[in-house]
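Here is a note for a colleague who is meeting this structure for the first time. Please read the points below with the model open beside them.

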Amino acid sequence: MTTVDAIRLQTQAAALAAPLPPLLAEAERVAATVLQGVHGRRRTGAGDSFWQFRRYQPGDPASAIDWRQSAKCDPLFVRESEWAAAQSVWLWADPSPSMRWSADPARPSKFHRACLLALAAASLLLRGGERVARLGEAPAPGLGRGVLPRLAAGFLGAAPTPDVLPDSVLPRHGSLLLLSDFLLDLAVVDLAVRRWAGAGVRGHLVQILDPAEESLPYQGRVRFAGLEGEDDLLVPEASSLRDAYGRRMADHQAGLAAIAGAAGWSFCRHHTHLPPTAALTAVYSMLAGQ
Amino acid sequence: MPLSFVSPLILAALAGLPALWWLLRVVPPAPRRIVFPPIRLLGGLASNQRQTAKTPLWLVLMRLVLAALVIVGAAHPLLRARPVVAGGPLLVVVDDGWASARQWPERRALLDDWLREAERQSRPVALLTTAPPADGGPVPSPRLRSPGEAKAAAEAVVPHPWPTDHRAAVKALDAAALPPPLRVLWLADGLDDPALRDFAARLRRLGPVEMAAPPEAAAARLLTLAADDTGELRASIRRPAAALPETVTLRAADTAGRTVAEASTTLAAGRRSAELALPMPAELKARVARLGLAGEASAGAVALVDDRWRRRVVGLVDEIGAGTGASPLLDDLYYAERALAPLAEVRRGHLDELLRRDLSLIILPDQGGLAEQQHRQLEEWVRRGGVLLRLAGPKLARNPDELLPVRLLSGGRLLGGALSWTRPMAMNAMPDDKPFAGLAVPGDIRVSAQVLAEPVIDLNDRTWARLEDGTPLVTGAPRGKGTLVLVHTSIGPAWSNLGLSGLFPAMLERLIRLSRGVPPGEVGKPLAPAELLDGFGRLVPPSGIAEALPPPSPRATPPVPGPRHPPGLYGDDRMAFNLGPAIADLTAAGPLEGVSRVDLTGLERAVDLQPGFFAAALLLLMADMIAVLALAGLLRRRAAVVTLLVLLSLLADHPLAAAAAATDSTQAAVLKTRLAYVVTGDGEIDQTSRAGLAGLSRLIERRTTAVLGEPVGVDPSRDPLMVFPLLYWPVVQRAEPPDAAARERINDFMRHGGMILFDTRDGGEDGPEKLRRLTGELDIPPLAEVTDDHVLSHSFYLLRSLPGRTTGAPVYVQDGGDPSNDNVSPVVIGANDWAAAWAVDERGRPLYAVVPGGDAQREQANRFGVNLVMYALTGSYKADQVHLPAILERLKK
């Protein structure tokens with residue numbers, strides 16, 4: 001490898017990594033606001049953090065005795081730590097072209113918000129000692145904070161493929177967080193959810209929408225165009241469609257909620273003009289809310 | 001209202017409008033394209049509204065109107081265009097003699113219309129001016145040129161201060177040999193002359209002739225000074241046509257152009273001329289420099305007044321240099337000189353010298369017997385029309401001569417002496433039929449000695465004033481064309497106190513009025529032109545080929561006004577040479593055979609409608625854009641309102657250019673140092689200010705390292721002043737004081753280093769009043785006259801006087817200095833009409849003559865301008881130089 005090649009590789013790597021630190025920092029910041037109100041498993045178990053002292057009982061290994069505490073009074077005490085069982089969570093931020101859109105340049109695109117929420121959730125999960133992986137990624141779920149940059153690079157680098165749900169096979173008892181606009185046929189979603197639920201995977205659907213997609217704020221003669229190869233649609237008066245569209249969107253969301261409910265999964269919506277913190281709280285409580 | 005089109009063929013495009021209608025109707029405006037990811041959800045919804053989109057009817061109509069406007073505009077519509085009948089080249093004849101100056105703007109406009117029309121039709125044009133050109137050559141032969149060239153040539157046509165010469169014009173036409181047929185357009189002055197009919201006939205041979213001439217009421221009038229025995233200024237006014245009654249106002253103005261007196265008369269219908277006198281006190285009369293007809297600016301409506309008419313020159317014969325000794329109060333001439341000072345110009349000297357000048361009255365004090373030579377000279381002078389006033393005294397009493405109105409008894413009569421029983425005697429009232437009639441005699445006049453006339457039959461007739469006992473005190477008698485007058489006593493205190501009374505100046509005034517002025521006896525030198533009238537009756541420095549006038553003499557025929565001798569002032573004594581007397585016959589041209597005639601006034605100018613059409617189309621285009629945006633749903637309501645408001649404001653406040661210009665002027669002023677003048681609203685004054693500052697800026701660029709931009713006119717209530725170093729403010733009579741806001745800005749300007757030059761432009765006559773009215777509310781600091789050691793006299797040139805067009809009026813600046821302003825005076829106040837002195841035309845020739853005149857004064861005025869700008873730009877920087885002697889003195893110690 002010549003020096004020139006090395007330099008070019010470095011430059012490309014730097015360009016690729018450029019959005020990562022801000023995104024990571026943002027995700028960490030959002031996660032920090034959520035972590036304060038959330039606690040551990042609240043039960044004794046294998047873990048690093050102190051949970052409680054209890055009387056020594058026969059059968060406890062002698063090495064478990066906390067001699068410093070036992071020296072303070074008569075009985076012997078055993079130091080117990082909080083249970084920190086590692087769970088594996090797979091995350092997916094929909095990389096399709098329709099996600100990379102925002103009706104107002106002042107608002108972030110849906111994809112950006114999805115990545116942000118996914119990374120923030122990953123950050124929280126990693127702090128809680130869980131294992132985290134990106135759906136469709138080859139390596140097994142990782143542990144520790146070193147995973148985060150890899151995850152971020154994976155999310156951002158995902159190819160903008162059209163709307164399809166991945167069909168990765170997941171182990172039983174894994175958790176799955178799907179962040180997407182879910183502007184798909186409900187049948188497709190239903191099929192995928194059934195398949196995962198049948199395999200014993202717990203899942204959570206987060207629908208991320210631009211407010212314009214909810215309210216259809218256009219008027220006048222408009223030619224609508226899609227982002228994923230749909231045909232253009234000429235509308236003589238866009239504002240006249242608003243009510244009908246609103247009803248359809250509500251139906252669609254109700255369908256999604258029904259699919260999730262049937263599989264025992266959870267479902268929530270998030271709009272990009274709202275702050276990400278609220279969505280993260282909802283996501284986290286969904287993940288932690290067994 | 002005739003509407004015509006320059007390119008009517010373009011109108012055929014209007015036939016295409018129906019096609020446009022169809023096209024516009026079918027092709028609706030393009031929809032807005034919006035990317036919308038949930039398009040699948042919209043899928044079924046739009047189908048129920050699927051219909052053929054059509055352009056709304058009103059939009060189609062608006063676009064059709066727009067297209068029609070563009071088409072009609074492109075056809076170049078003209079309203080009231082004067083149809084220049086098609087066919088052949090044009091010959092445009094312009095009478096540019098003195099009589100054209102009246103209504104010149106109308107003539108100019110009509111000429112422009114003709115040439116523009118010719119340009120539109122691309123017809124060659126030949127231009128013929130009928131007055132001899134200023135370069136002294138013959139009337140130039142017309143030749144056919146392109147309309148553009150002819151237009152440029154026509155720009156240079158101005159009325160000349162001499163008559164037209166139609167005979168020469170005929171010759172020029174003959175020489176030109178223009179190929180008939182032509183269309184002849186003739187801008188005539190409406191005056192008849194012997195060659196006019198020949199000229200018209202010659203024109204007719206070239207083609208149909210159309211003549212535009214002024215209506216009778218607007219024909220040029222002619223002013224001539226008339227001789228008058230009573231000493232009043234009199235003028236005769238002539239007009240070419242007499243059909244209508246007309247009121248004319250005669251105005252006398254002084255050298256600075258201020259009106260001194262005014263009189264009106266009505267020329268009744270049927271009267272072609274009138275004489276009008278301007279009664280005024282002698283002091284005012286002495287200032288009159290010109291008479292003019294109000295409302296008419298032409299060389300013919302101006303009569304210049306020179307010394308012969310205006311100021312009588314009185315000679316005091318002083319052979320021995322009397323009165324310069326130890327006791328001037330005993331000298332007769334001292335009293336005569338004092339009495340004459342306000343009335344006339346006094347020359348004092350030897351008789352030989354005096355007789356070389358143009359005198360009207362000679363006062364000969366008591367002196368021993370006249371020498372033979374003097375006697376002969378004086379008698380000859382009196383016979384030619386002079387008035388000789390002799391004063392009695394002991395020498396005359398001893399030795400009477402023949403040059404007296406009466407024969408004197410030898411010796412005198414002493415009243416109230418030690419050996420006399422009588423007392424000094426008072427005077428009787430003045431006889432009614434004599435020149436002093438009506439003069440009030442003060443009761444305290446006492447005559448203690450007199451010379452006595454020999455009682456002869458006609459003594460009574462010759463006695464003009466008597467003592468109370470009836471003996472003559474003043475006698476007078478005609479001799480030749482002139483008059484001999486003798487005061488039988490002395491003016492000095494030796495024999496009477498007559499010279500101390502107010503009666504004496506009054507008597508002298510009567511005598512001066514009696515005199516008519518006698519030209520110098522010998523034939524003088526030729527008189528070089530000093531200042532000449534231009535076609536509009538303005539005095540300008542001599543140019544062109546003006547030659548010296550032959551000295552006036554009774555035998556020679558007077559010169560004819562023309563390019564070689566334009567009317568004006570000639571010679572060192574500024575002898576007036578007027579147009580009026582040279583024009584014997586002033587009659588209106590009657591109808592000319594074969595010439596169609598239109599009246600010059602009342603012609604309405606052609607209105608070019610093309611810009612209007614295009615502007616309307618542009619507005620509609622904007623409206624169309626807004627409508628399209630609205631239809632596409634791109635227009636927010638607030639944006640629409642704002643856009644509408646902007647458009648409406650554009651329409652309502654049409655002079656967009658004004659606002660733009662104001663911004664431009666500020667911007668320009670900031671980008672370059674430039675002088676500014678306050679716009680007074682009086683077009684001529686503003687133009688002078690502009691030309692003056694432009695001339696000064698150019699001068700400064702030439703002589704110093706400062707580079708100034710073109711000057712700009714400002715309105716203190718509107719324009720920002722702080723960007724100008726110097727503001728020239730001509731004070732006009734009816735100037736309104738600035739309002740409160742403007743006042744604040746001006747004060748602010750002065751407080752923060754600005755400088756204003758107030759110029760009352762009147763030589764200091766009634767300036768204080770109007771200046772006070774204008775600046776009463778401004779923060780003018782205490783003032784002091786500019787002295788030799790003021791910075792203003794040193795800042796570039798060393799100056800002793802600060803003249804402008806006039807000179808002599810003091811110039812004021814701030815008394816002392818304001819340290820916060822670097823001791824620079826915020827105002828300079830004067831009355832010398834500087835801008836007029838600095839004003840030059842585009843070729844750098846001065847526009848106005850300076851008074852009293854000469855290159856030296858103009859140079860001084862220019863230098864003052866340079867100093868002033870340097871003062872404004874560099875402040876008191878040069879003040880150090882003022883203190884240089886003191887500094888050197890200190891260094892020596």
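1. In chain A, 73% of the contacts with a separation of 6 or more are made by residues 24 or more positions apart. This comes from a predicted model, and that should be kept in mind for every point that follows. Chain A holds nine helices and nine strands, and of its 290 residues 33% count as buried.

2. Chain A contains an open sheet of five strands, in the order β4-β3-β5-β6-β9, and the pairing in this sheet is parallel. Its edge strands are β4 (131-134) and β9 (266-271) of chain A, each of which pairs on one side only. On average, neighbouring strands of this sheet are turned by 20° against each other when direction is ignored. One pairing that can be followed residue by residue is that of strand β3 (residues 88-93) of chain A with strand β5 (residues 175-180) of chain A, which is parallel and runs over five bridges; here Trp92(A) stands opposite Leu178(A) in β5(A).

3. Ser70(A) lies in helix α3 (residues 67-72) of chain A, and it counts as partly exposed because it has 16 C-beta neighbours inside 10 Å. When neighbours within four places in sequence are left aside, Ser70(A) is in contact with Ile65(A), Leu76(A) and Phe77(A). Phe53(A) is 17 residues away from Ser70(A) along the chain, and the C-alpha atoms of the two are separated by 9.7 Å.

4. Which elements of chain A each supply at least two residues of the side that touches chain B? The contact as a whole takes 28 residues from chain A and 20 residues from chain B, and the elements in question are β7 (222-225), β8 (233-235) and α8 (242-262) of chain A. Of the elements on this side, α8(A) gives the most, with five residues. Sorted by class, the side of chain A that touches chain B has 15 nonpolar, six polar and seven charged residues.

5. The two chains are also joined strand to strand. β7(A) and strand β2 (residues 32-35) of chain B run parallel and are joined by four bridges, and Val222(A) stands opposite Arg32(B) in β2(B).

6. In chain B, strand β32 (residues 726-730) is mostly covered, with five of its five residues buried. Leu726(B), Tyr728(B) and Pro730(B) point one way from β32(B), whereas Leu727(B) and Trp729(B) point the other way, and all are buried. The strand has partners that can be named: strand β30 (residues 676-678) of chain B pairs with β32(B) in the parallel sense over two bridges, with Tyr677(B) opposite Tyr728(B). Strand β33 (residues 755-759) of chain B also pairs with β32(B) in the parallel sense, over five bridges, and in this pairing Pro730(B) stands opposite Asp759(B). Together with helix α19 (residues 740-751) of chain B, β32(B) and β33(B) make a right-handed β-α-β unit.

7. Two residues of chain B deserve a look for their backbone angles. His76(B), which is a residue other than glycine, has a positive phi near 60°, and its place is in the loop between α3 (57-74) and β3 (77-79) of chain B. Gln103(B), again a residue other than glycine, has a positive phi near 65° and sits in the loop between β4 (90-94) and α4 (104-120) of chain B. As for their surroundings, His76(B) counts as partly exposed because it has 17 C-beta neighbours inside 10 Å, whereas Gln103(B) is buried, with 23 other C-beta atoms within 10 Å.

Terms used. Residues numbered from 1 in each chain as written. Chains lettered and ligands numbered in written order. Predicted model: local features only at pLDDT ≥ 70, side-chain atom pairs only at ≥ 80, totals over all residues. Contact = placed C-beta atoms within 7 Å. Nonpolar A, V, L, I, M, F, W, Y, C, P; charged D, E, K, R; others polar. Pairing = 2+ DSSP bridges. Buried ≥ 20, exposed ≤ 12 C-beta atoms within 10 Å, placed from the backbone. Right-handed = clockwise from strand over helix to strand, strands pointing away. Axes fitted to C-alpha atoms, helices over the stretch in contact; angles between N-to-C directions.
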